[in-house]
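Here are some questions and answers for a reader who is new to this structure. Please look through the sequence and the model before reading on.

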Protein chains: 2
Amino acid sequence: MDFAECFPVYNRLGKEEQSLLMSGVVFRKIKKGTIIRGGANDCTGLVLICSGQLRAYIVSDEGKEVTIYRLLDRDVCLLSASCMMPSMQFDVTVTAEKDTEAWIIPIKVYKPLMDSSAQIANYTNELLCTRFTEVMWLIEQILWKSFDKRLALFLIDECNIEDTSILHITHEQIASHLGKAREVVTRMLKYFHNEGVVRLTRGAVIVTDHNKLKKIAGL
Amino acid sequence: MDFAECFPVYNRLGKEEQSLLMSGVVFRKIKKGTIIRGGANDCTGLVLICSGQLRAYIVSDEGKEVTIYRLLDRDVCLLSASCMMPSMQFDVTVTAEKDTEAWIIPIKVYKPLMDSSAQIANYTNELLCTRFTEVMWLIEQILWKSFDKRLALFLIDECNIEDTSILHITHEQIASHLGKAREVVTRMLKYFHNEGVVRLTRGAVIVTDHNKLKKIAGL
């Protein structure tokens with residue numbers, strides 16, 4: 001995948017900034033299992049995923065892991081550049097969950113651009129907000145774990161009603177059924193998708209693992 | 001408190017940006033109990049606290065509240081300006097926990113400055129990272145709740161050993177005792193402080209509520 005395609009802000013930059021980026025950027029194939037960020041100090045740079053899958057997770061003192069979020073095609077890993085942001089002080093590990101191809105923007109290229117370009121600084125802001133939203137969602141899941149159950153139950157009911165695993169229903173429709181915002185439904189469905197419970201296609205939700213879905217629903 | 005004092009990036013801005021800010025900024029006294037941000041949509045602007053205390057918290061469907069963080073003197077509330085950042089999609093409520101005096105930078109003033117000035121965009125970034133760090137800390141507390149117990153036990157032991165409630169010990173020293181980073185100790189002590197369990201002065205930690213501390217330690 002083209003670098004400019006992976007870096008949505010690219011076309012809004014000046015010629016000079018563009019050539020600075022192009023001269024510094026590195027294409028890399030990352031083997032499944034590779035640790036991209038091992039602690040607070042690893043600082044590879046901004047990782048723009050062309051294809052593959054990264055997993056960001058925290059580890060307790062006892063070695064217990066909890067996934068914070070996953071990064072898929074066209075996502076950008078900001079944590080691997082966290083040394084640019086001294087106020088970001090937490091230990092999150094990032095590893096490649098699948099063989100991954102990515103563009104890396106090294107810190108020494110990205111940092112001066114972020115310092116001088118409002119475009120790039122605001123793009124970084126947007127990435128932060130997206131991750132922040134995912135983490136807030138996770139907190140609510142951890143604290144109250146109610147909506148995953150409700151959604152799982154809803155999908156099970158629908159499969160029974162329609163006598164099929166292929167549900168032709170929009171996220172918007174599910175949202176009205178459950179009295180939630182559409183974004184919340186989409187996020188939870190993506191989570192189910194990552195867990196291998198459903199497959200998402202345009203206009204349909206396909207339940208691929210009924211047993212796992214029942215388990216989520218607490219049945 | 002002077003506006004320039006509350007807004008650390010002010011002195012690094014150009015004359016034009018400074019006068020734009022000064023002409024738009026509003027000083028406000030906020031009564032204890034006032035809701036500053038009631039959901040995802042309230043968008044007052046950036047709130048720079050001169051004195052007082054704000055509380056940011058989430059509320060479950062059943063009305064259960066959990067504090068995400070507190071904002072004290074010289075802190076800046078970014079959530080009250082979240083409509084500037086469309087990728088930030090979560091419902092956090094912010095209320096004044098004490099009578100508060102604050103400078104407000106309205107969105108219509110801040111947003112164009114953030115769009116054009118890398119300084120202000122990066123300052124916003126820094127605020128985001130600080131809050132993000134607090135939220136990640138909270139997740140770990142919720143998931144593993146071990147360090148608060150360990151720190152509480154340590155303080156109780158020290159009080160017994162020294163036969164006093166006034167512990168002349170640095171955060172750094174506590175950190176080495178418990179095998180933690182100093183920042184982690186400082187953050188937890190501030191949390192204890194907010195909970196009224198200890199008082200923090202230069203060079204000392206004063207235990208003010210031994211019963212509450214024992215409760216935290218699980219004794």
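Q: Which residue forms a salt bridge with Arg70(A)?
A: This is a predicted model, in which local features need pLDDT of at least 70, side-chain atom pairs count only at pLDDT 80 or more, and totals for chains, interfaces and linings use all residues. Residues are numbered from 1 along each chain as its sequence is written, chains are lettered from A and ligands numbered from 1 in the order in which they are written, and side-chain values use heavy atoms, with hydrogens and water left out. A salt bridge here is a side-chain nitrogen of Lys or Arg within 4 Å of a carboxyl oxygen of Asp or Glu. For Arg70(A) the closest N and O atoms are 3.6 Å apart, and the partner is Glu195(A).

Q: How many salt bridges are counted between domain 1 of chain A and domain 2 of chain A?
A: The domain assignment (bounds from an automatic or database assignment) gives domain 1 as 3–143 and domain 2 as 145–217 in chain A. The salt bridge count between the two domains is one.

Q: Which residues of domain 1 of chain A lose the most area to domain 2 of chain A?
A: Eight residues of domain 1 of chain A are in contact with seven residues of domain 2 of chain A, contact being heavy atoms within 4.5 Å. The area buried between these domains is about 700 Å², that is, accessible area (1.4 Å probe) that the two parts lose on being put together, summed over both. On the side of domain 1 of chain A, 73% of what is buried comes from three residues together: Arg70(A), Trp137(A) and Gln141(A).

Q: Which element gives the largest share of the side of chain A that touches chain B?
A: The contact takes 43 residues from chain A and 43 residues from chain B, and the two chains bury about 3,700 Å² between them, 68% of it on carbon and sulfur atoms. Between the chains there are zero salt bridges and 10 residue pairs in polar contact (both at pLDDT 80 or more). Helices (H or I, at least four residues) and strands (E, at least two) are DSSP runs, numbered from the N terminus. With 20 residues, the largest share on the side of chain A comes from α4(A).

Q: How many residues apart are Glu134(A) and Arg131(A) in helix α4 of chain A?
A: The side chains of Glu134(A) and Arg131(A) meet in a salt bridge, 2.8 Å from N to O. An α-helix has 3.6 residues a turn, so residues three or four places apart point the same way. Glu134(A) and Arg131(A) are about one turn of the helix apart, a separation in residues of three.

Q: Which residue is joined to Cys43(A) by a disulfide?
A: A disulfide is taken as a pair of cysteine sulfur atoms within 2.5 Å, and the whole structure has two of them over all chains. For Cys43(A) the S to S distance is 1.9 Å, and the link is left-handed, with -90° about the S-S bond. The partner of Cys43(A) is Cys83(A).

Terms used: A polar contact is a pair of N or O atoms within 3.5 Å; within protein, one must be able to donate a hydrogen and the other to accept it, and residues adjacent in sequence count only if both atoms are side-chain atoms.
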